[in-house]
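Please walk me through how the chains meet in this model.

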Amino acid sequence: MGCVQSFREICDRQKNTNVRLSLPAVCFVWQTAMIILFGVFIRYNEESDTHWVEHRKANNISSDIENDFYFRYPSFQDVHVMIFVGFGFLMTFLKRYSFGAVGFNFLIAAFGLQWALLMQGWFHSLDYTDGKIKIGVENLINADFCVAGCLIAYGAVLGKVSPVQLMVMTLFGVTLFAVEEYIILNLIHARDAGGSMVIHTFGGYYGLSISWMLYRPNLDQSSRLQGSCYHSDVFAMIGTLFLWMFWPSFNSAITDHGDGQHRAAINTYLALASTVLTTVAISSLFQNQTFQIKDLGVDGVHIQNSTLAGGVAVGTAAEFMLMPYGSLIVGFCCGIISTLGYIYLTPFMEKHLKIQDTCGIHNLHAMPGVIGGIVGAITAAAATESVYGREGLVNTFDFEGAFKDMVPTRQGGHQAAGLCVAICFGIGGGILVGCILRLPIWGDAADDNCFDDESYWELPEDEESVPPILQYNNHMRNKDV
Amino acid sequence: MGCVQSFREICDRQKNTNVRLSLPAVCFVWQTAMIILFGVFIRYNEESDTHWVEHRKANNISSDIENDFYFRYPSFQDVHVMIFVGFGFLMTFLKRYSFGAVGFNFLIAAFGLQWALLMQGWFHSLDYTDGKIKIGVENLINADFCVAGCLIAYGAVLGKVSPVQLMVMTLFGVTLFAVEEYIILNLIHARDAGGSMVIHTFGGYYGLSISWMLYRPNLDQSSRLQGSCYHSDVFAMIGTLFLWMFWPSFNSAITDHGDGQHRAAINTYLALASTVLTTVAISSLFQNQTFQIKDLGVDGVHIQNSTLAGGVAVGTAAEFMLMPYGSLIVGFCCGIISTLGYIYLTPFMEKHLKIQDTCGIHNLHAMPGVIGGIVGAITAAAATESVYGREGLVNTFDFEGAFKDMVPTRQGGHQAAGLCVAICFGIGGGILVGCILRLPIWGDAADDNCFDDESYWELPEDEESVPPILQYNNHMRNKDV
Amino acid sequence: MGCVQSFREICDRQKNTNVRLSLPAVCFVWQTAMIILFGVFIRYNEESDTHWVEHRKANNISSDIENDFYFRYPSFQDVHVMIFVGFGFLMTFLKRYSFGAVGFNFLIAAFGLQWALLMQGWFHSLDYTDGKIKIGVENLINADFCVAGCLIAYGAVLGKVSPVQLMVMTLFGVTLFAVEEYIILNLIHARDAGGSMVIHTFGGYYGLSISWMLYRPNLDQSSRLQGSCYHSDVFAMIGTLFLWMFWPSFNSAITDHGDGQHRAAINTYLALASTVLTTVAISSLFQNQTFQIKDLGVDGVHIQNSTLAGGVAVGTAAEFMLMPYGSLIVGFCCGIISTLGYIYLTPFMEKHLKIQDTCGIHNLHAMPGVIGGIVGAITAAAATESVYGREGLVNTFDFEGAFKDMVPTRQGGHQAAGLCVAICFGIGGGILVGCILRLPIWGDAADDNCFDDESYWELPEDEESVPPILQYNNHMRNKDV
């Protein structure tokens with residue numbers, strides 16, 4: 001008995017959530033490393049360099065407006081809002097973890113995007129003439145995309161890890177992402193405009209695997225904090241809506257100029273609209289009350305999350321000729337599957353698979369991502385010259401260079417292969433990183449102290465002081481009666 | 001007596017707000033219908049189709065940047081934010097109806113935009129060669145506009161209707177909108193860039209008529225929930241500001257490329273700025289305290305609403321040569337009229353006309369919409385070739401095709417005719433739809449249960465539990481003393 | 001004694017915060033003046049006028065897309081969001097001053113932008129052929145920029161001044177801004193794309209000087225309201241994030257078409273990312289807890305504010321060839337300096353310099369602004385033709401017209417001179433305006449009544465009623481025990 005006691009004390013001492021030195025150390029060292037690596041490797045590309053004027057004249061580009069900046073900057077800003085406000089506020093639903101949600105999201109995204117510029121740059125934007133990575137607005141978008149994968153993973157472990165663990169998770173996540181992306185897009189030559197496979201499937205399984213490795217059997221000790229409160233749910237709706245509204249920009253941000261961006265935006269817009277209706281339908285059908293806003297991890301928060309599944313699932317195929325009704329069908333199915341996932345799968349996974357998925361990313365990202373990969377493979381395989389036109393087919397699927405003999409059916413196979421790679425990287429990478437994160441050196445909270453901003457933030461006192469008093473009164477009342 | 005009692009019981013049973021089966025049924029059936037209709041009718045237009053490359057070359061378009069996507073997508077995204085965050089959060093001011101405001105707004109907008117793409121498509125974008133509707137980014141904007149009309153109407157009945165009623169209201173609203181819009185824009189050839197007439201006047205009177213048909217004499221039974229609370233009012237300010245900031249995009253989203261969009265944005269920006277000052281002035285002058293944030297339906301919430309009236313009123317004339325000072329004058333007047341409307345007209349309408357207007361849409365949309373129609377008619381009638389230039393006049397008023405002999409003075413008359421059509425459709429359509437919504441089958445809440453999210457949402461418990469305890473304490477204290 | 005008493009009573013009567021007549025009077029008169037001045041002076045420029053078609057043809061502009069509207073409108077909307085939501089919500093952190101923060105921000109910005117269009121127009125956009133100011137989208141952006149300077153100043157006096165004082169402060173602030181801007185940009189020929197000097201340095205010192213003039217020795221009497229509460233801090237994060245995300249648009253909004261805008265956005269994006277990490281590091285290192293969200297004016301609110309310092313400091317140099325690593329270094333340093341400023345400098349300034357800086361604008365705007373000016377001067381002085389290219393150098397620094405013989409080293413000197421002008425105008429102007437604002441006619445709140453929305457807004461009752469009851473209960477409990 002005494003032995004267990006003392007062991008527990010050691011554990012509790014390890015679980016003191018003190019990151020007062022480790023967090024600054026990580027931030028300073030890594031940021032310094034970024035500066036050095038940027039100094040060695042990163043330069044402006046020809047469209048953001050002062051030599052643009054000469055480049056423009058030399059290439060007979062008639063106007064400044066043809067700078068890629070004007071094709072992509074509005075979409076970039078929308079994506080940027082999704083990353084910081086969308087993901088950040090979507091996770092504020094927990095009643096006492098709003099700062100952890102928004103603040104740590106902010107921290108890891110700000111670090112991740114720098115590391116992503118380097119990692120993705122080495123694979124995609126390296127100028128072999130001088131060994132420099134040349135960046136422009138498209139790189140910024142891709143960095144935000146890469147960060148999105150890590151933020152998805154954060155959703156699975158929300159409230160259960162320390163900021164230092166999150167930094168480690170992001171460092172490895174971005175690295176794995178860049179490799180996986182290179183394999184899928186360049187080696188396998190799969191297309192993935194909105195990142196159903198590359199971002200959502202990978203990010204989803206990466207987070208779930210880490211959560212599985214960090215399984216906390218006594219997490220119910222902090223169940224008092226696992227719910228939402230009225231206003232925290234309204235804050236979460238801000239996140240939901242900004243993700244929902246700007247998803248067409250997400251899926252069209254890096255597609256081909258012209259019809260590519262145009263079509264991707266339309267398809268995403270339609271898929272998302274359709275998802276809302278089936279989400280509401282299933283949510284209403286399977287609850288005691290009409291809608292369920294309560295009880296995280298049991299019934300989930302359908303309106304806040306499942307309404308977004310259509311945007312995930314249409315990611316790969318958004319730039320293809322999916323057709324407007326095709327987008328609606330994808331959204332229709334995803335709303336149903338995602339909501340049922342929150343109702344049945346999340347509790348099942350927690351109970352039987354030991355996967356505690358705080359935000360239900362399996363239902364919002366992993367499953368819809370896989371569906372998106374499959375839809376993409378089918379749509380690609382079914383492409384015909386009569387629908388796409390000769391030039392359209394080549395442009396859309398990029399049948400050029402080494403892949404100029406590619407045909408749609410084979411492209412479908414490559415898409416499927418890409419999906420498998422994303423799943424493997426997600427699960428494998430997650431288990432690996434999960435092992436590292438299990439080390440008892442990261443300052444994560446004890447089981448009875450999860451989902452609590454108090455662990456890492458000094459909080460204002462006012463509202464915190466309400467519950468005890470009310471409890472006291474309650475207590476008094478019960479005594480009196 | 002017993003008879004009345006039993007009748008009441010029946011009514012109460014009818015008023016059980018159970019939409020657990022009807023809502024899913026409506027969502028599933030209508031979404032399925034959308035898929036079928038989209039399959040039959042809707043295709044990409046030439047700018048979002050993979051044949052764009054060929055089209056571009058055939059038409060000597062020098063660059064992808066001339067795809068309509070790049071002219072309109074940034075404005076589209078702003079409009080999208082207005083529809084979902086702007087309208088949604090503007091209505092969160094009620095202390096316990098934030099989910100109803102944001103959530104149902106989300107649901108009906110997602111359905112409405114699909115139906116709008118079809119209805120507007122049949123009237124405006126039907127390709128007679130193959131019987132298909134060809135959609136691009138402009139159609140998405142117009143669908144959002146169409147939905148805006150229905151969301152305005154939602155403002156009048158906020159908290160008093162069930163989600164099924166809202167779906168019905170949206171179905172008919174979109175249908176009426178498309179017909180009305182076709183008559184005003186195509187048959188009458190009125191111009192209405194920002195939709196003062198087509199969107200705001202129609203939507204306003206549509207909602208007010210429905211509210212009149214659904215008059216609840218005992219609504220004061222839920223007066224405890226009709227007020228706002230501190231944080232719900234801050235949430236509402238999010239809605240206000242996003243509407244206010246993006247209104248220039250709203251009014252310029254579908255105007256002519258080039259100077260048309262440019263001028264519409266400037267005019268709206270100025271009108272809105274001017275409105276803020278007069279709203280504050282009147283609000284301060286007529287209240288006990290400086291500003292009034294409280295007492296919904298009595299004094300209204302001026303800063304949250306009246307500050308937007310200038311954007312509504314400048315909608316029609318925004319693309320004309322209204323001149324910067326003209327915009328300021330319109331905004332000046334609307335701030336005054338709208339705020340006075342909240343102070344005097346809304347209580348008067350509730351008391352004597354049996355129109356319960358939860359959000360005061362009469363002051364924010366209906367009246368400023370009518371003013372906008374009149375301003376548009378006057379500005380059009382006063383147009384001269386010396387101000388507009390020969391080409392400018394033809395471009396701005398679209399004096400082409402069947403209307404190539406049109407002159408400004410006559411155009412002014414057509415504008416006025418358009419305004420009348422909008423009012424008639426609003427009132428007529430509202431009464432019709434109101435009749436349908438009075439049927440006791442829709443699951444709307446009883447009079448003492450309005451404005452309460454509990455009716456349709458399962459809510460987190462925490463804050464809900466505060467009031468009873470405090471009431472108890474209050475009670476105890478009063479007893480003691 | 002009785003004398004002091006009666007003097008106090010007079011003061012208290014003067015401090016009755018009654019602006020019921022003065023505020024409407026100011027709003028009406030000034031708005032009317034705006035209408036008259038706009039009528040006399042302001043017209044559309046050639047790109048927003050209906051003569052654009054003719055202008056386009058005459059100048060061989062091939063497409064409507066080359067209208068400046070399409071180069072700048074997306075950035076304009078982002079800046080607009082920063083002004084109204086960004087600045088507004090950043091200041092909502094006080095537990096009972098959210099309406100004052102958002103509402104007065106709204107009011108003074110709406111007035112300020114009109115006055116700025118005139119003031120800046122006279123200096124920069126006056127068409128000497130007809131004596132009119134010709135406005136387009138760039139003028140709207142500049143007006144928003146000008147307003148930003150005044151909103152920064154508002155941050156220093158937040159909660160301590162009346163809306164009438166704010167209007168006066170804005171009137172003079174915009175005037176001073178326009179003169180200072182003309183001297184710095186046109187006479188001295190300094191470059192300042194993101195306004196490190198013109199906006200942030202000026203605005204910061206302007207606000208600090210006013211706060212110094214309005215020093216309140218007994219401000220601790222309202223210390224109960226000087227803190228934040230949990231949800232008010234989450235609201236403030238909305239402001240933080242929208243400022244952070246859209247800062248690349250702020251710094252690139254009025255830079256040169258093409259590479260200028262492109263590069264400015266990249267540099268700002270990187271500087272901001274870097275700032276987040278060092279802010280977190282310093283905040284964590286110097287606090288008892290990991291992060292500090294509490295205790296306004298003592299430890300400050302680092303995450304909410306210091307994370308933005310990088311955007312300020314990179315403002316001037318954003319359009320230069322600062323290089324990606326250069327941006328990271330600027331951000332790195334500013335995160336450290338700004339956070340340390342909140343920890344040490346703000347309390348020091350309050351205690352020893354009698355400067356009460358509610359939002360800590362010295363750390364967020366004034367200091368980083370000065371750093372930005374210095375960075376700009378160094379970067380300009382270090383510019384070489386080998387890095388910029390012949391044409392690039394001329395374009396970037398605008399070595400044309402009267403300044404065509406300028407060289408980079410001398411440009412560096414001019415930049416430094418510009419910085420000095422900004423500081424002088426800020427301090428001098430602030431002292432002057434502070435004198436005016438000390439007159440006892442403006443209806444500002446008494447020392448024990450600051451930071452309280454009750455002074456100017458009629459508030460909903462619910463939450464307000466909680467504290468007294470709880471206090472009562474607390475009191476009872478203490479008695480019992």
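In this predicted model, C:Lys57 and B:Glu391 form a salt bridge. Their closest N and O atoms lie 2.9 Å apart. The count of salt bridges between chain C and chain B is one. On the side of chain C that touches chain B, 50 residues are nonpolar, 18 are polar and 16 are charged.

Now take the whole contact. Chain C brings 84 residues to it, and chain B brings 80 residues. About 7,300 Å² is buried between chain C and chain B. Carbon and sulfur atoms give 72% of that area. In chain C, the residues that lose the most area to chain B are C:Tyr44, C:Phe106 and C:Glu458. Together they make up 12% of what that side buries.

Turn next to chain A and chain C. Here the salt bridge joins A:Lys57 to C:Glu391, at 2.8 Å from N to O. The side of chain A that touches chain C divides into 50 nonpolar, 18 polar and 16 charged residues.

This contact takes 84 residues from chain A and 82 residues from chain C. The buried area is about 7,300 Å², with 72% from carbon and sulfur atoms. Which residues of chain A lose the most area to chain C? They are A:Tyr44, A:Phe106 and A:Glu458, together 12% of what that side buries.

Notes. Residues are numbered from 1 along each chain as its sequence is written. Chains are lettered from A and ligands numbered from 1 in the order in which they are written. This is a predicted model: local features need pLDDT of at least 70, side-chain atom pairs count only at pLDDT 80 or more; totals for chains, interfaces and linings use all residues. Side-chain values use heavy atoms; hydrogens and water are left out. Contact means heavy atoms within 4.5 Å. Buried area is the accessible area (1.4 Å probe) that two parts lose on being put together, summed over both. A salt bridge is a side-chain nitrogen of Lys or Arg within 4 Å of a carboxyl oxygen of Asp or Glu. Ala, Val, Leu, Ile, Met, Phe, Trp, Tyr, Cys and Pro count as nonpolar, Asp, Glu, Lys and Arg as charged, and the others, Gly among them, as polar.
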